[in-house]
Amino acid sequence: MKKVTYKFSSASTDFYFDASFAQLSKLLAKDNGVIVTDEHIFSKHKTKFRGWNVIVLKPGEQYKVQQTVDTVIDQLLELGTDRKTVLVGVGGGVITDITGYVAAVYMRGLRFGFVPTSVLAMVDAAIGGKNGVDVGVYKNMVGTIRQPSFLLYDYSLLSSLPKKEWRNGFAEIIKHAAIKEVGMFKLLEQYSLKEFQRTKKLLASLIEANAKIKATVVQNDEFERGERRLLNFGHTLGHAVENLYELSHGEAIAIGMTVATQLSEQLIGLKEGRRIVDLLDKYGLPTYAEYDKKKAFDVLKMDKKKVKSEMNYILLEKIGKGVVKTIPLKQLEKIIQDL
Ligand SMILES: NC(=O)c1ccc[n+]([C@@H]2O[C@H](COP(=O)([O-])OP(=O)(O)OC[C@H]3O[C@@H](n4cnc5c(N)ncnc54)[C@H](O)[C@@H]3O)[C@@H](O)[C@H]2O)c1
């Protein structure tokens with residue numbers, strides 16, 4: 001187990017890489033913690049949860065809503081929890097988002113940590129303290145920014161992760177490489193998903209490098225006034241099509257990254273766009289997709305990155321260098337229509 005601590009404005013998070021789930025009981029006493037997880041993870045790893053208080057939720061994005069938050073709060077009351085209780089989200093991004101949000105509001109705030117179980121949660125969702133729920137088709141419309149106390153990485157949990165979810169996680173990894181690290185981009189071009197799945201060392205170092213990218217970006221800009229906005233590469237259109245078409249998060253942002261790549265070529269002269277589309281394709285992600293552009297634009301207009309009649313869109317100057325560009329909504333609508 002390797003401990004790395006990142007300090008944020010009001011709290012720090014201890015990252016325990018190369019850890020095992022059993023070591024969770026070294027971080028907090030079992031009777032002082034409540035684990036929140038979902039049915040998939042609970043059924044695949046039942047024995048690991050022995051001795052813990054566990055709240056098991058139905059899996060899936062459709063349950064990342066206020067109603068689920070209320071049921072968790074009811075169960076916390078039934079369990080007789082108090083302000084000293086520590087909540088631990090053991091799951092993918094849906095579970096970490098719900099757990100972090102409940103921990104922020106229940107009794108005006110409990111200590112919390114995560115054991116991410118999907119690639120996506122390990123490299124992205126569990127890091128950075130943004131947690132919340134969806135409202136109708138609007139993703140993450142309600143939420144809080146508050147850092148977890150710890151993250152525990154047990155890569156063996158990934159043994160039960162469905163193939164589709166591996167691809168989703170790699171969409172965010174490709175995103176990180178595209179906006180921040182050309183070296184990682186080349187590594188992804190060199191190896192395949194199968195090779196990362198097979199070689200524990202390779203996977204562990206990729207996940208750790210990605211966690212570092214996310215944590216460092218958040219550290220530099222916790223409240224999303226500058227650099228953190230880069231993490232939204234592919235997410236503006238991605239979020240709009242995600243709920244409209246019930247795509248998975250990774251599929252949706254892969255489509256979003258393809259559109260952002262095309263916009264980058266048109267607006268700021270990106271030259272290597274083909275490599276990005278090819279890499280998404282290599283990792284089994286969709287790229288050029290048919291979607292109702294008008295409907296998608298109607299949802300996109302409500303995005304949190306909109307400021308009055310302009311949208312802060314994340315583009316690429318080159319591979320490894322993302323930039324924020326302000327595009328008037330009218331111009332954006334026309335370009336998207338014409339793509
Ligand atoms: N808070 C943030 O900063 C942030 C960042 C990125 C994404 N997110 C959110 O994360 C969510 C997506 O995360 P996700 O892709 O992990 O989704 P998820 O939590 O829905 O997990 C995907 C599926 O995989 C299953 N699963 C997860 N780990 C498993 C394992 N080890 N074994 C077997 N099954 C497993 C889950 O039960 C689920 O069916 C979205 O809601 C997105 O908005 C949040």
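A polar contact is a pair of N or O atoms within 3.5 Å; within protein, one must be able to donate a hydrogen and the other to accept it, and residues adjacent in sequence count only if both atoms are side-chain atoms. The model is predicted: local features need pLDDT of at least 70, side-chain atom pairs count only at pLDDT 80 or more, and totals for chains, interfaces and linings use all residues. Residues are numbered from 1 along each chain as its sequence is written, and side-chain values use heavy atoms, without hydrogens and water.

**Exercise 1.** Find which atoms of Gly 93 and Lys 64 lie by an oxygen atom of the ligand.

*Solution.* 
- Step 1: Take Gly 93. A backbone N or O atom lies 2.7 Å from a ligand oxygen atom.
- Step 2: Take Lys 64. Here a polar side-chain atom lies 2.9 Å from an oxygen atom of the ligand.

**Exercise 2.** Sort the residues of the shell around the ligand by class.

*Solution.* 
- Step 1: Count the shell. The ligand is surrounded by 25 residues (a heavy atom within 4 Å). Asp 38, Glu 61, Ser 118, Lys 130 and Ser 160 are the closest.
- Step 2: Apply the classes. Ala, Val, Leu, Ile, Met, Phe, Trp, Tyr, Cys and Pro are nonpolar; Asp, Glu, Lys and Arg are charged; the others, Gly among them, are polar.
- Step 3: Eight are nonpolar, eight polar and nine charged.

**Exercise 3.** Describe how H6 packs on H7.

*Solution.* 
- Step 1: Locate the helices (DSSP runs of H or I, at least four residues, numbered from the N terminus). H6 spans residues 163–180 and H7 spans residues 182–190.
- Step 2: Take the geometry. The angle is about 135°, and the axes (lines fitted to C-alpha atoms over the stretch in contact; angles run from 0 to 180 degrees between N-to-C directions) are 6 Å apart.
- Step 3: Name it. H6 is therefore oblique to H7. Under 35 degrees counts as roughly parallel, over 145 as roughly antiparallel, 65 to 115 as roughly perpendicular and the rest as oblique.

Conventions
Helices (H or I, at least four residues) and strands (E, at least two) are DSSP runs, numbered from the N terminus.
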